[in-house]
Amino acid sequence: MKAVKITATEEMQVVDIEKPVLKSGEVLVKLSYVGFCGSDLNTFLGRNPMVKMPVIPGHEIGAVIAEVGADVPDTLKPGMVVTINPYTNCEKCPSCRNHRANACQHNETLGVQRDGAMREYLAVPWTKIIPAEGISPRDCALIEPMSVGFHAVSRGQVTDIDTVMVIGCGMIGVGAIVRASLRGATVIAVDLDDEKLALAKELGAAYTINSKTEDVHARLQAITDGAGPDVVIEAVGSPVTYVTAVNEVAFTGRVVCIGYAKSEVSFQTKYFVQKELDIRGSRNALPEDFRAVIRYMRQGVCPVDKLVSCVAEPEGALKAMQDWAAAPAKVFRVSSSSFCLDVARYVFNKTRNKLPDRCEQSTQTLMIDLGLNGRNRIDTKALLSLADKHRTSPVKCRALFCTSAALMDQSIILRPPLSIILWQPKYNTLVCISRACIELFPYMENV
């Protein structure tokens, strides 16, 4: 049978593997749809420290039961539409003993610590099967990521008297917005993308803030009469958003952390004590979170079509992942949209520039003023023309340090392996965004 496998960094292939042999207590499912998760993207880009490579990705599942093994309850029958709980639990560690198997110390998630679901057939213990009658197989692939957001709201003990800020309106953030609004809370959605913010409003957010164009602190103070939100749910995994969560949450508030930051985060720890904060991790989801999402989706009010960026066949998985890597902000689930750039002007200044201490120093740095005038798209042809102009230049450049008034206090650095990085001088922080320009400046690879 066919399977999609990530074989190395930025390499993905369709391979042939053996069809699983059904054992006692197992159910064989035929996969209909499998969603790409942010963890799959990080695996593809070589940034997932938990993964065992090579690996078959995928743990967001829409499937149909194909066959039922011995010793399986007769409530599970061939032809049923299901999703799958993709986590394991040892039943012995502190988490399992405390009835929080979602955070099992020895958990192995499909597509991360073990091969995942991006294949034709998968055999799993019947206890991991979650029937989803009334929901299409495609939409079943949305249940797991949304349940992670639902679980974060439970961790935050959100009630109808709370004001909740959700940072990040990706699929998991969407789940948090829906669950918090269902509980009657006043929800403030924060993101960089206006389209996602519009969808957040449709899903129940009372207020939206574009953190790229608006003053987050000022807006929050106005919305909450100077108190700050009672609960902040961090669903991005960026050092800047982690700091924002702690800085903006109300005194005696709760901060719920879902995203994994890829670098160290510096906090003003006085706020932990001064505000007497409850800072809580939120990992994966519990069975009741899955059930709550299914109940919500059965109501028919979820705009599921807007949550699916595109659908790709197995042979198109590599292209879909490459597109997602190029434009991560535009993707919810399954696949991605294209990466389009447009520029106003470039001004060069070949000079040695002092880069932040955490950035590798170069013998020579090309300075670029983007001059975007509020736009955030860059013309790839102009970049390639720029590269050609300096291809034979004696200047040995290891980095492109870009500044623009349109980016406020953010600066972009392109450096081997051609990552796009935001430097926020205000926080002295480097934040990796994507490897969108992997096809650009090929002459720099061996410099």
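Biologist: Which helix does F272 lie in?
Modeller: F272 sits in helix α9, residues 270–274; helices are DSSP runs of H or I, at least four residues, and strands are runs of E, at least two, numbered from the N terminus. Keep in mind that this is a predicted model, where local features need pLDDT of at least 70, side-chain atom pairs count only at pLDDT 80 or more, and totals for chains, interfaces and linings use all residues. Residues are numbered from 1 along each chain as its sequence is written, and side-chain values use heavy atoms, with hydrogens and water left out.

Biologist: What does F272 touch?
Modeller: Leaving out residues up to four places away in sequence, F272 touches V246, F267, L277 and I279. Contact means heavy atoms within 4.5 Å.

Biologist: New topic. How many residues are in the largest nonpolar core?
Modeller: The largest nonpolar core has 45 residues. Such a core is a set of buried Ala, Val, Leu, Ile, Met, Phe, Trp, Tyr and Cys residues joined through side-chain atoms within 4.5 Å.

Biologist: Which residues have the most contacts inside it?
Modeller: I143, M146, I177 and I233.

Biologist: And what does M146 touch?
Modeller: Among its contacts are M171, V174 and Y296, not counting residues up to four places away in sequence. Apart from this core lies another, of 33 residues, including V55 and W324.

Methods:
Buried means under 20% relative accessible area, exposed over 50%, partly exposed in between (1.4 Å probe, protein chains only).
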